[in-house]
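User: I would like to learn how to read charged contacts in a model of this kind. Could you show me the general idea and then the case at hand?

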Amino acid sequence: MIRLLHVLPALGLAAAVSGCALLATPEPVQMYRFGASDPVTGIAPDGAVPLEMRPVQFSAVAADDLILAVTGAEAAYIGGARWVERAQVLYQESLENVFAAEASRVRLGGRRELSHSPRVLDLDVRTFEARYPAPGSAPTVRVAVRVRMINRDDQQVVADEVFTVDQPATGNRVSAIVAAFDTAVLEVNRNIVRWTEAR
């Protein structure tokens, strides 16, 4: 059974820690990841256009290593489960790997290389959560990402799109929810790669 750790409502979603919590024995935590794949290190195709991607922006309540669950107007984190790294970092790595594996017309510049790309990708992950239609039911994972392509010279937006994927979990188990996140992230990222190559 999934245990939810209730968080403060709306803008106060920061963790509140009481003095007595320092004396409590921490509960065991299982670590999970999404977007897991070995980095692709192949050679970019001839004629691939270099493309810079800014650091991915993330919804503040979902950017950390806690797994966010929402039921109606209530938000909570799934107890006893965490991502192995901040979700924001895992997502960016996942997207970079999909670009490296599947893009044929563009090539993302490395984080440390000087970019001469005429265009820049700007991404904002707006939604990254498991949505429960009712307490105890199997949730649906929603991942929504706004992508903008920007001209480097004049900073004008060339194209702007929002990609949303809803992936039902096969049950109300953490492993099933994580698998739904993994599937949703891969589908969103593939959509972003196809959209980028069509610009």
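**Reading the salt bridges**

Analyst: D124 and R126 meet through their side chains in a salt bridge, at 3D separation 2.8 Å from N to O, where the term stands for a side-chain nitrogen of Lys or Arg within 4 Å of a carboxyl oxygen of Asp or Glu. This is a predicted model, in which local features need pLDDT of at least 70 and side-chain atom pairs count only at pLDDT 80 or more, while totals for chains, interfaces and linings use all residues. Residues are numbered from 1 along each chain as its sequence is written, and side-chain values use heavy atoms, with hydrogens and water left out.

User: How many salt bridges does the structure hold?

Analyst: The structure holds ten, and R54, D122 and R148 are linked in a network of them.

User: Which parts does the salt bridge of R82 and D65 tie together?

Analyst: The side chains of R82 and D65 meet at 3.0 Å, N to O; R82 lies in strand β6 (residues 74–83) and D65 in the loop between β4 (57–58) and β5 (66–71), so the pair ties together parts 17 residues apart in sequence. Strands here are DSSP runs (E, at least two residues), as helices are (H or I, at least four), numbered from the N terminus.

User: Is D65 buried or exposed?

Analyst: Buried means under 20% relative accessible area, exposed over 50%, and partly exposed in between (1.4 Å probe, protein chains only). D65 is buried, at 18%, whereas R82 is partly exposed, at 32%.
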